[in-house]
Amino acid sequence: MFNERSGAFRDRTPFRLWRFMPLVAALILLLSAVDSYTDNQVMGEVRFEGVTKAERDSGVWIDGQYLGYLKELKGDKKVILLPGEHQITVRQAGLDDFVRKIVVEPGQKQMVRVAMQKSAGWVMPSAVSTLKLKVQPDRAAVFLDGRYIGHVGEFGGKFHSLVIASGTHRIKVELPGYRTFETEISLLAGQKSEVKTELVKGSIEQNDGMIKQVGQQAASNPH
């Protein structure tokens, strides 16, 4: 009985595999199409290299649109642009903005090496509080009182948090393709607090203007 059932199972196996062949073929064609798209002679690729951890965790804007933080822009998040001139702006709290114009050539790759300097006016507040952010996706941009200060992943988990001046602050979290999250917090000196949420998916048109502004400067002194 067992042998007969085992034999029947073996006999049906090729038939079952055959049913999935169209799906496998479609997947191969899709992967080939993706490779052809990314390696074609129309678009150009821009890669980034940060000198220090601060640069690698900095936010990247291209032509006024936030893309993500520098070290994640590779693989399935690599930057593919139309040929022509583009403006790159890299921001991090406490550092001067890195701004550069590049010319993207069809079918070519280029590396942008990012090096940033400490902002001259940055000082540590005398009375501070600690804030943790637990927001998904953790690659979203964080704005404190209208100034970009980093991405969520820098301010969450066991060993990461945001040290800010005590008082009332406006927190805004944004990512293209998700609805903007905004809240107000009031912190006493030495207080520890946490903001926890999950961004809701939506159209890029639903984003606030913060992630679309080239002129918005990085926070040199969170207050």
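**Note on the aromatic cluster and a pocket**

1. The structure holds four aromatic pairs. Rings of Phe, Tyr and Trp (its six-membered ring) pair if their centres lie within 6.5 Å; planes under 30 degrees apart are stacked, over 60 edge-to-face, and the rest tilted. This is a predicted model, where local features need pLDDT of at least 70, side-chain atom pairs count only at pLDDT 80 or more, and totals for chains, interfaces and linings use all residues. Residues are numbered from 1 along each chain as its sequence is written, and side-chain values use heavy atoms, with hydrogens and water left out.

2. Take W61 and Y148. Their ring centres are 4.9 Å apart and their planes are at 90 degrees, so this pair is edge-to-face. W61 lies in strand β2 (residues 59-62) and Y148 in strand β10 (residues 147-151), so the pair ties together parts 87 residues apart in sequence. Strands (E, at least two residues) and helices (H or I, at least four) are DSSP runs, numbered from the N terminus.

3. Y148 also pairs with Y66. The centres are 6.3 Å apart and the planes at 50 degrees, so this pair is tilted. Y66 sits in strand β3 (residues 65-69), 82 residues from Y148 in strand β10, and the pair links distant parts of the chain.

4. Buried means under 20% relative accessible area, exposed over 50%, and partly exposed in between (1.4 Å probe, protein chains only). Y148 has a relative accessible area of 0%. Y66, at 1%, counts as buried.

5. W61, Y66, F143 and Y148 form one aromatic cluster. R91 lies over the face of W61, at 4.3 Å from the ring centre. For a charge over a ring, NZ of Lys or CZ of Arg must be within 6 Å of the ring centre and within 35 degrees of the ring normal.

6. Now the second largest pocket. Its volume is about 170 Å³. It has 14 lining residues, and R47, F48, L70, L73 and K74 are the closest to its centre. A pocket is an open set of points on a 1 Å grid over the protein atoms alone, where a 1.4 Å probe fits, with protein on both sides within 12 Å along at least five of seven lines; lining residues have an atom within 4 Å of a point. The volume is the space filled by probe spheres set on the points, which are joined across faces, edges and corners.

7. Strand β1 (residues 44-50) gives the most to this pocket's lining, with five residues.
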